[in-house]
There are 2 protein chains.
Amino acid sequence: MELTLIKQLYRETEKFADKNVKISGWVRTVRDSKTFGFIEVNDGSFFKNVQIVFEDSLENFKEMTRLPISTTLAVEGTVVLTPESKQPFEIKATKLTVEGTSSSDYPLQKKRHTLEYLRTIAHLRPRSNTFSAVFRVRSLAAYAVHKFFNENGFVYVNTPIITGSDCEGAGEMFRITTLDMHNVPKTEEGNIDFSQDFFGRETNLTVSGQLSAETLALAFRNVYTFGPTFRAENSNTARHAAEFWMIEPEMAFAELKDYMDVAEALVKYIIKYVRENAPEEMEFFNSFVDKGLFTRLDNVANSDFGRITYTEAVDILQKSGHEFQYPVEWGIDLQTEHERYLTEKVFNKPIFVTDYPKDIKAFYMRVNEDGKTVAAADLLVPGVGEIVGGSQREERLDVLEKRIEEMGLNKKDYWWYLELRKYGETKHSGFGLGFERILMYLTGMSNIRDVIPFPRTTGSAEF
Amino acid sequence: MELTLIKQLYRETEKFADKNVKISGWVRTVRDSKTFGFIEVNDGSFFKNVQIVFEDSLENFKEMTRLPISTTLAVEGTVVLTPESKQPFEIKATKLTVEGTSSSDYPLQKKRHTLEYLRTIAHLRPRSNTFSAVFRVRSLAAYAVHKFFNENGFVYVNTPIITGSDCEGAGEMFRITTLDMHNVPKTEEGNIDFSQDFFGRETNLTVSGQLSAETLALAFRNVYTFGPTFRAENSNTARHAAEFWMIEPEMAFAELKDYMDVAEALVKYIIKYVRENAPEEMEFFNSFVDKGLFTRLDNVANSDFGRITYTEAVDILQKSGHEFQYPVEWGIDLQTEHERYLTEKVFNKPIFVTDYPKDIKAFYMRVNEDGKTVAAADLLVPGVGEIVGGSQREERLDVLEKRIEEMGLNKKDYWWYLELRKYGETKHSGFGLGFERILMYLTGMSNIRDVIPFPRTTGSAEF
């Protein structure tokens with residue numbers, strides 16, 4: 001008999017009414033009365049379990065009422081609609097067969113576990129309701145990203161993970177090497193002899209695909225990356241991981257305004273796609289993880305995002321009368337407290353803050369006419385703060401070279417990046433969206449470790 | 001006036017007939033007669049260029065006939081249908097404006113360049129026809145992969161890039177470290193003190209996401225990874241890169257046969273999707289890169305893949321009378337010459353070779369009843385040889401433990417992998433498809449360096 005998936009049973013319940021089916025899955029709970037047994041089974045195809053009911057007429061009744069959690073079970077039986085109860089249907093079993101055993105010391109017993117404990121069993125936690133929902137939503141959100149860009153004519157590009165330069169300038173990097181660390185080869189001058197390393201030079205893990213993506217945007221107009229990036233920062237916070245996935249679109253013939261339009265459309269698209277395609281999982285988050293979730297997400301999906309300049313933002317904050325831990329004056333980098341005040345108290349919706357002082361922003365951002373600010377914009381959302389950062393890129397060769405010098409960087413390291421401005425300079429813009437940041441926003445999960453299957457953070461690379 | 005994309009002009013030509021449009025793009029070629037100028041422009045939205053025609057009545061006629069290649073040009077003019085010529089339409093320009101200059105030393109002049117030369121200008125080569133086609137197809141093939149798995153209920157999982165173990169056993173690894181290599185800290189015993197490293201332990205770049213993906217398959221039934229993997233092998237060949245993308249599905253409640261069904265469907269799906277969605281690019285490859293391409297791809301897309309056992313394959317090879325460089329006997333690992341002979345000369349279609357001797361396969365492959373072979377299968381395709389490798393995974397705890405010991409591995413390193421067999425063991429299968437391998441197959445490009453935007457190979461991590 002062919003296997004039926006639990007997802008099919010839930011999606012086409014009527015079709016299966018009173019039909020015989022066979023499913024294979026894992027035991028989630030077991031209980032019994034004297035003459036009845038009840039087993040909840042999950043087969044991985046769907047967030048919800050199916051309730052199996054069986055009678056003591058079953059020859060292995062006793063054994064079945066004592067199955068350890070996570071036993072692999074084959075169930076044959078009849079689908080019975082139960083409109084009066086919580087589940088829309090159950091399966092009345094005619095045959096139950098153990099396909100794979102489990103053990104009574106199974107670490108994920110039916111009780112409340114802390115998220116901290118569940119991280120220590122990262123190989124098993126996807127079997128819990130919370131992580132089943134988180135990683136299903138992660139998958140759907142990733143698909144939404146690809147679908148959005150595909151529908152809008154963007155070319156997906158894979159920029160390199162291993163970089164031969166440290167000119168990305170976005171943070172501390174991990175070194176990659178095959179040199180013998182017991183006996184590191186040195187040059188005559190006493191430097192490390194990277195010419196003997198695998199790539200014949202010093203290499204690191206990428207912190208951003210942006211500079212590479214720009215080369216492709218100047219060929220394909222609209223491109224995006226979606227891949228892992230790395231930061232070797234010693235930040236042991238709930239929002240930082242050493243390894244995380246980033247979405248980095250780059251668009252030629254696009255100004256700052258165009259980037260903001262695309263970022264706004266993307267964020268709304270992801271929210272709507274996940275709400276539509278993971279209703280059960282999202283209901284779970286809204287009920288058990290973050291009771292304000294739907295209100296918050298719907299507010300984002302249905303608002304026109306606000307747009308104010310940094311100068312206006314500073315003015316609003318200064319006149320607010322609110323006492324901030326970090327005092328506000330023109331020229332400072334906005335802190336999370338400022339960002340959240342703006343988006344939560346002043347606007348109560350997502351806002352882009354634009355045109356930051358050039359001194360607090362990266363060298364590749366386009367200098368505005370005023371000579372003091374750059375065409376950058378950060379998207380701030382209620383409940384989190386910054387979720388997207390982006391800018392128009394400096395396309396003028398002379399201005400860019402000057403900025404590189406001002407920042408104390410070496411022009412030679414950027415030869416190919418500069419050549420993009422020499423051969424067909426084009427106004428262009430791009431942004432970065434941290435995938436885990438948007439996942440935390442979508443699910444209400446408050447620690448980045450809980451939206452990554454096997455998180456890598458300072459001092460921790462288990463599994 | 002709003003910009004029109006060249007893609008729109010090609011896809012909805014009739015709609016634009018005799019209409020005024022504005023496009024912005026880059027100059028690909030320039031030529032002129034005394035009274036007419038012709039510029040081919042590409043705006044990145046489409047593989048093909050648009051021909052711009054302009055008359056000497058244009059005030060900047062002279063300047064326009066001398067534009068360097070890759071100048072950024074804004075064109076206003078009328079779309080004129082040209083059914084009698086090669087292109088279906090051209091734009092009769094009323095206004096041409098230089099938006100960004102280029103230089104006469106532009107390295108990608110209109111002439112034939114070698115692929116080797118183009119690798120030295122990897123930041124510009126996406127602007128050439130060949131690489132424009134390659135990277136568009138790369139993007140579409142990636143989308144096809146996600147679409148296929150989404151439609152089939154697979155959960156996309158991101159397995160870690162940084163691994164804390166070297167137990168994947170699939171090849172040599174790159175070390176990741178933040179230790180000071182000038183002064184590597186040592187323990188009292190003289191070992192490297194990895195407790196001082198970023199993760200407090202030795203870490204490497206992943207060579208495969210399989211083992212991690214198995215943990216997720218045993219929660220979600222059907223999952224797949226699609227991400228970068230790394231091999232620090234000193235193989236300076238046309239088929240090996242140090243950094244490449246892999247697709248690794250894992251399926252619970254699936255036997256070897258089920259893996260083969262899914263792999264066959266996936267390969268056919270990718271081919272059909274790309275043929276349908278990149279007709280211009282594929283036509284280009286078939287005409288200029290590999291004249292047998294369509295024949296080969298259609299043969300794959302329309303064949304029922306063959307399935308023979310390793311033992312049968314050895315028998316066929318031995319009886320073939322063909323003289324191989326590596327002699328064939330039961331127990332050897334099949335070489336490319338054997339694989340290609342089978343798929344090209346004997347079957348002339350893709351074939352799965354199944355049930356290899358266990359001694360030449362990995363520890364996690366399921367041991368068959370005969371005790372000598374494992375439930376593994378490689379997919380061989382004409383023109384390339386192996387393109388997919390996979391197996392049923394050993395789900396029996398005692399057999400798996402024995403295999404780990406036999407292979408001289410340490411059970412402790414596999415504690416979490418073994419626990420998957422302790423808590424709800426389930427038959428399951430999976431496979432790996434090298435993304436660049438299938439891209440080479442799809443495009444006819446014969447060097448892996450030419451299907452990766454910025455390739456990383458022994459001795460080379462430029463850009």
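Me: Which residue lies over the face of A:Phe131, and at what distance from the ring centre?

Reply: First the rule. A charge sits over a ring if NZ of Lys or CZ of Arg is within 6 Å of the ring centre and within 35 degrees of the ring normal. Here A:Arg125 takes that place over A:Phe131, 4.4 Å from the ring centre. In chain B, B:Arg421 lies over the face of B:Tyr417, at 4.1 Å from the ring centre.

Me: What should I know about the model and its numbering?

Reply: This is a predicted model: local features need pLDDT of at least 70, side-chain atom pairs count only at pLDDT 80 or more, and totals for chains, interfaces and linings use all residues. Residues are numbered from 1 along each chain as its sequence is written, chains are lettered from A and ligands numbered from 1 in the order written, and side-chain values use heavy atoms, with hydrogens and water left out.

Me: How many aromatic pairs does the structure hold?

Reply: Rings of Phe, Tyr and Trp (its six-membered ring) pair if their centres lie within 6.5 Å; planes under 30 degrees apart are stacked, over 60 edge-to-face, the rest tilted. Over all chains there are 71 aromatic pairs. Among them is B:Phe148 with B:Tyr269, edge-to-face, 5.3 Å centre to centre and 65° between the planes. This pair links distant parts of the chain, helix α5 (residues 129-151) and helix α7 (residues 256-277) of chain B, 121 residues apart. Helices (H or I, at least four residues) and strands (E, at least two) are DSSP runs, numbered from the N terminus.

Me: Is B:Phe148 buried or exposed?

Reply: Buried means under 20% relative accessible area, exposed over 50%, partly exposed in between (1.4 Å probe, protein chains only). B:Phe148 has 6%, so it is buried. Next, B:Phe149 and B:Tyr224 are stacked, 4.3 Å centre to centre with 20° between the planes. Both are buried.

Me: How many residues does the contact take from chain B and from chain A?

Reply: Contact means heavy atoms within 4.5 Å. It takes 108 residues from chain B and 108 residues from chain A. Buried area is the accessible area (1.4 Å probe) that two parts lose on being put together, summed over both. The two chains bury about 8900 Å² between them, 63% of it on carbon and sulfur atoms.

Me: How many salt bridges count between chain B and chain A?

Reply: A salt bridge is a side-chain nitrogen of Lys or Arg within 4 Å of a carboxyl oxygen of Asp or Glu. The count is 6. B:Arg221 forms one with A:Asp43, the closest N and O atoms being 3.4 Å apart.
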